[in-house]
Amino acid sequence: MAAPARDDVVTMDKIVALCKRRGFVFQSSEIYGGLASTYDYAHYGVLLKSNVKSEWWRAMVQERDDIVALDAAILMHPRTWVASGHLEGFTDPLVQCLGKCKKRWREDHLREAAAADGAGGGDPAAIAAEELRCPECGGELTEPRNFNLMFETYMGPVQEDAARIYLRPETAQGIFVNFKNVLQFARKTPPFGIAQVGKSFRNEITPGSFLFRTREFEQMEMEFFVAPDDAREWFDYWCEERRRWYDELGLRPDHLRLRDHDPQELSHYSSSTSDVEYLFPIGWSELEGIANRGDYDLRQHAAFSGEKLEYVDSATGERYFPHVIEPAAGADRATLAFLVDAYDEEEVEGRTRTVLRLHPRLAPVKVAVLPLVNKDGQPELAREIYKELRPLMPAEYDAGGSIGRRYRRQDEIGTPWGVTVDHQTLEDGTVTLRDRDSLEQARVPRTELARELGRRLGDEWRSPKL
Ligand code: ATP
């Protein structure tokens, strides 16, 4: 859609290739030709995404005392989706090419792209439907029809209407339907939040751009319940707080911005929304949405379930539906952004070095221990050191191939530190400690290694900027 605006070496193709080559992400069901826009995480991808989610939990729960965790089921009572408005309103406008290619498109995306090229005076809503053409072959398009994005399935052995249920399209509703349960056990009063990480499913019309838009993905959502009068202030607070989270984990500030939604972009439940956007190789795109959902959800669920979902202030007796501020992020989209932003190529001694400059907190492996050569007692000693470090931080031992090849591999998976055992280690007990980004090598006594790595990790953990 939007024209690529990055001026560095990264492209989505390079990221896809590196992810396959180094075991981050594979195409799903590849031996059967793949399932479109569906991906499997391999070893390093699992570790990386898990670190992204851990950092989110750390920021949302560990470092605060006003948010509690939840893990609700993916399958929910079907009335949930009537109350939430998803059955009626969770639709995208679908158009199909009447020309040669017959491809399907999201009309709102075509409008945005046309407006970015100057149509409608830059206003997507001002563009007449007839002006839009198929981006692939220039053909005319059908009238838009609302297409519901929820995947349906049936509960139990009989496929009848009464048994129809849905795979959740967002995790948020699991939080709203548990509002009363949480309020009773957690002894919280507004302002307080409930945080959840889990899979969501959307039958997207036009998935694509690797992990950016898939039909099965993981969300990291937090619903923050506040007194109605405080909603605006908390909305501003969470916009900045979430932008800062990406910044502190190393995304370059000039690739990160907050963008307010125009009134016509707002969802059916939202009175204001801002997106944290990242400059992907496909252009500026949403990483995370922060929405002021008002009291829409709690009111709807109260009306449809018959439960009382107001908060009652025990001191004043005041009864109200809390308003909700929701930062809703995607774990896969964030993982993709961190990969893209970390990707770099540089010339070192006449060769191109590809390196992932991942923040150490996100790096799948923190330290690699390598014998310089595969003899003279070096592998045994390196293995011993590796075993000492392994309980302290994710570590890897690698003795296969030339030292240059092994470093290249570690650079490409983003390992911040490398420890090399060489002949000198056997003589004086020191190892080389190599820094991924500066390529500086320091000799460190083996007995000091754990402390030195701990110090470096600790420094990075305290002042996260690389
Ligand atoms: P979009 O406009 O890109 O379709 P949205 O505004 O519908 O996204 P939200 O409902 O706000 O998205 O979802 C919150 C977050 O969940 C998004 O910011 C994104 O990170 C993630 N997300 C949503 N849909 C997908 C998807 N199909 N694939 C991967 N991540 C997604």
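Is Trp-245 buried or exposed? In this predicted model, Trp-245 has a relative accessible area of 7% and is therefore buried.

The aromatic side chains were examined as pairs of rings. The structure contains 18 aromatic pairs. One of these pairs is formed by Phe-179 and Phe-192, whose rings are stacked, with 6.3 Å between the centres and 25 degrees between the planes. Phe-179 belongs to helix 7 (residues 179–186) and Phe-192 to strand 9 (residues 192–201), so the pair ties together parts that are 13 residues apart in sequence. Phe-179 is buried, at a relative accessible area of 1%, and Phe-192 also counts as buried, at 1% relative accessibility. Trp-245 and Tyr-246 provide an edge-to-face pair, in which the centres are 4.9 Å apart and the planes stand at 85 degrees.

The ring of Trp-245 has the charged end of Arg-242 over it, at 4.5 Å from the ring centre. A further arrangement of this kind involves Arg-257, whose charged end sits over the ring of Trp-284, 4.2 Å from the centre of that ring.

The strands were considered next. Strands of a sheet pair through backbone hydrogen bonds, in either a parallel or an antiparallel sense. Strand 17 (residues 343–348) and strand 18 (residues 351–356) are antiparallel and are paired over six bridges. Within this pairing, Glu-346 has Arg-353 of strand 18 as its bridge partner. Two residues lie between the strands of this hairpin, and Glu-349 adopts a positive phi near 45 degrees.

An open sheet is built from five strands in the order 20-19-21-22-23, and its pairing is mixed. Strand 20 (395–397) and strand 23 (441–445) are the edge strands, each of which pairs on one side only. From one strand to the next, the twist averages 25 degrees. Strand 22 (residues 430–435) and strand 23 run antiparallel and are joined by five bridges. Leu-433 stands opposite Ala-442, a residue of strand 23. Helix 11 (residues 378–389) lies across strand 19 (367–371), strand 20, strand 21 (417–421) and strand 22. Relative to strand 19, helix 11 runs at about 165 degrees.

The cysteines were examined last. A disulfide is a covalent bond between the sulfur atoms of two cysteines. A search of the whole structure gives zero disulfides. For Cys-97, the nearest cysteine sulfur is that of Cys-137, at 3.5 Å. A disulfide requires the two sulfur atoms to be within 2.5 Å, and Cys-97 is in no disulfide. Cys-97 counts as buried, with 2% relative accessibility. Cys-239 is buried as well, its relative accessible area being 6%.

How values were computed: Residues numbered from 1 in each chain as written. Predicted model: local features only at pLDDT ≥ 70, side-chain atom pairs only at ≥ 80, totals over all residues. Heavy atoms only, no water. Pairing = 2+ DSSP bridges. Helix = DSSP H or I, 4+ residues; strand = E, 2+ residues; numbered from the N terminus. Phe/Tyr/Trp six-rings, centres within 6.5 Å; stacked < 30°, edge-to-face > 60°. Buried < 20%, exposed > 50% of the residue type's maximum accessible area, 1.4 Å probe, protein only. Lys NZ or Arg CZ within 6 Å of the ring centre and 35° of its normal. Axes fitted to C-alpha atoms, helices over the stretch in contact; angles between N-to-C directions. Contact = heavy atoms within 4.5 Å.
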